[in-house]
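Me: I am new to this structure and would like to learn how to read it. Could you take me through a few features, one at a time?

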Amino acid sequence: MCLPLAAPTRTQVNQSDSVGRLDLMPQAQDLPRRVEAVPAAKGEQALREWWYKSDNWISPSVVLAAAQLGQQVAVLDYVEPSVRGCTKWGIGGTCVNVGCIPKKLMHQAALLGTAVKDARKYGWQIPEPVSHDWATMSQAVQNYVRSLNWGHRVQLQDRKVKYLNMKGSLVDQHTIKARNAKGKEMTVTARNVVIATGGRPKYPTHISGAQEFGISSDDLFWLKESPGKTPLCRCGFGVCWVSHRHRTGHHSDGAQHRPPGVRPADKYRQMSRLVTDYMEAYGTRFSWGAVPKKVEKLPSGLLQVTWTDTQSKQDHQDTFSSVLWAVGRAPETKTLNLKQVGVELNEDTGKILVAADERTSVPNIYAIGDIAQASSLNLTDPTTTIEDIREEWISSVFHDLSPFGIALNEVYVGVAFGNESRVLSVYLPVFQGRPELTPTAIQAGKLLARRLTGHSSRLMDYDNVPTTVFTPLEYGCVGLSEEEAVRRYGEDNIEVYHAFYKPLEFTVAERDASQCYIKVVCERDGDQRVLGLHFTGPNAGEVTQGFALGFRCGFTYAQLRDTVGIHPTCAEELTKINITKRSGLDATVTGC
């Protein structure tokens with residue numbers, strides 16, 4: 001849960017008793033001249049916002065950054081088992097244990113399945129049949145995750161950060177009550193508290209059997225056996241039954257609630273359509289307009305799912321081995337006792353309202369990561385009322401600054417299926433201008449630690465944050481969508497350059513590249529400042545990360561064109577882009 005950051009001081013802890021005390025508040029004679037901070041993290045997903053794994057070391061965020069800056073720091077980290085009660089994990093939070101890391105590794109497993117098929121075209125003699133073993137992959141991924149858990153503990157110890165495997169709640173603005181798994185309690189006092197508890201997957205409780213028989217992303221990455229024939233149910237803005245074929249007979253069909261023309265995903269519809277078209281071409285079956293009604297367990301152990309087709313109004317049924325729900329995430333704020341200490345929440349989302357400096361309505365309590373929601377109001381101003389906050393939030397819903405222009409939740413899906421092995425991983429997390437992404441929370445945490453220790457006054461910039469969707473055909477973007485640029489600047493004031501290209505590695509393998517596409521959204525007049533960049537194709541994350549630097553520098557279309565490309569690469573196509581949508585010319589790249 002939450003924890004504090006303070007300057008070095010006398011600490012007294014008595015953990016042999018049922019009640020202990022950890023005092024991080026400086027004594028009067030110990031008060032330093034600069035502002036102190038105590039990073040506090042709440043158990044469930046606590047460290048997700050504080051760690052970033054790079055090679056063999058951990059880049060510090062709030063906790064390590066504050067410790068390195070001479071502050072006395074404690075961390076409360078505690079994980080409740082998943083709803084099904086079958087999954088629990090170590091230190092590192094969502095990203096390390098049930099998010100970014102296992103997702104990317106399973107995505108790599110899927111890419112290797114495709115590479116095996118491509119290899120034959122390149123002359124590799126690979127005997128048939130080629131099969132995929134889920135248990136081997138799962139064990140390898142879990143072993144790596146556990147190595148990261150251990151690495152985090154070592155880093156905390158090396159930085160002399162007090163680690164408490166306890167679940168906490170606020171008693172007052174400086175005091176936290178913590179309890180471990182055995183029921184022993186202790187209190188922690190601190191000058192400043194930082195809450196970074198993240199969120200957990202939600203279940204559609206209105207659907208009979210959904211929670212009783214379904215699983216979520218909290219469970220998926222720790223399954224010891226293949227989930228088999230599995231529908232992915234996305235009820236937040238639709239339902240998508242993901243289907244794949246396994247040589248042993250695993251397969252499934254799919255559906256998406258709401259017709260494509262009215263999906264909330266309209267703001268990035270062109271790009272999402274390219275991705276889904278590619279997936280359908282390679283075996284994933286989408287069925288648009290299906291709403292799940294109930295899940296029942298049959299005597300055979302299989303799960304029977306009933307859904308309604310919104311077009312025909314007819315009910316349909318099919319049987320599956322597993323049912324995976326991806327209907328959004330709920331912030332872990334309910335058990336923190338926030339209201340009682342004066343921390344204001346958005347009543348609709350449960351998120352903590354914060355100012356630009358991550359400060360909540362209580363001056364010494366801060367929140368970062370997925371639990372925080374931006375508010376332009378001065379939350380510590382005594383004249384600010386609940387009505388002001390509610391009115392400001394309702395207004396902000398219609399002015400999203402994210403690349404996707406809409407509030408979405410993160411979705412992870414993984415299915416492996418033999419020589420058709422593919423892991424579908426969808427990650428579309430954005431909420432009201434603050435991307436729900438680990439790197440943004442890491443950066444926000446580091447900057448917060450520096451501000452609290454008087455080393456800097458710089459605030460986190462949540463604009464132009466790059467992100468990538470690790471679907472079979474990857475999609476990366478940074479900046480504004482075409483639709484958002486039109487909304488802000490007007491259609492006559494933007495220019496969109498685009499191109500359909502074919503990755504060189506697709507040629508010999510004879511793979512379809514009709515969905516490999518790039519789009520650069522620019523201001524139309526003047527230097528044509530680049531407003532948004534969108535890319536579908538191999539290694540989208542690597543491509544997008546590099547161009548994201550240009551957005552920090554305010555680069556222009558002319559500078560993009562003047563950049564010498566690395567030949568032959570997919571990223572090079574961005575430096576050659578010259579056809580505008582307005583021209584109506586064929587945007588297909590020819591030659592090499």
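Me: Let me start with one side chain. Does Lys576 count as buried, partly exposed or exposed, and at what relative accessibility?
Reply: Keep in mind that this is a predicted model. Buried means under 20% relative accessible area and exposed means over 50%, with partly exposed in between. Lys576 has 29% relative accessibility, so it counts as partly exposed.

Me: Which side chain does Lys576 meet in a salt bridge?
Reply: Side chains of opposite charge can pair when their charged atoms come close. Here Lys576 meets Glu573, at 3.6 Å from N to O. Both residues lie in helix H14, 3 residues apart, which is about one turn of the helix. Glu573 counts as buried, because its relative accessibility is 9%.

Me: Where else can I look for a pair within one helix, such as the one formed by Glu484?
Reply: Go to helix H10, where Glu484 and Arg488 sit 4 residues apart, again about one turn of the helix. Their side chains form a salt bridge of 3.1 Å, N to O. Glu484 is buried, at a relative accessible area of 0%, while Arg488 is partly exposed, at 34%.

Me: Which parts does the pair Glu482 and Lys519 tie together?
Reply: This salt bridge is 3.0 Å, N to O. Glu482 belongs to helix H10 and Lys519 to strand S27, so the pair ties together parts 37 residues apart in sequence. Glu482 is buried at 17% relative accessibility, and Lys519 is buried too, with a relative accessible area of 2%. Over the whole structure, a search finds 22 salt bridges.

Me: How many bridges join S25 to S28?
Reply: There are 5 bridges between S25 (residues 475-479) and S28 (residues 530-536), which run antiparallel. To see one, find Tyr475, whose bridge partner in S28 is Thr536.

Me: What do the buried residues of H12 pack against?
Reply: They pack against S24, S25 and S28, and also against helices H13 (557-562) and H14 (572-576). Among these buried residues are Val543, Phe547 and Phe551. H12 has 13 residues and reaches 19 Å from its first C-alpha to its last, close to the 18 Å expected. Gly554 follows the helix with a positive phi, near 70°.

Me: One more helix, please. Why is H9 described as largely enclosed?
Reply: Count its buried residues: 11 of the 15 are buried, so H9 is largely enclosed by the rest of the structure. Ile442, Leu447 and Leu448 are among them. Just after H9, Gly454 has a positive phi of about 75°.

Technical notes:
Residues numbered from 1 in each chain as written. Predicted model: local features only at pLDDT ≥ 70, side-chain atom pairs only at ≥ 80, totals over all residues. Heavy atoms only, no water. Pairing = 2+ DSSP bridges. Helix = DSSP H or I, 4+ residues; strand = E, 2+ residues; numbered from the N terminus. Buried < 20%, exposed > 50% of the residue type's maximum accessible area, 1.4 Å probe, protein only. Expected span 1.5 Å × (residues − 1). Contact = heavy atoms within 4.5 Å. Salt bridge = Lys/Arg side-chain N within 4 Å of Asp/Glu carboxyl O.
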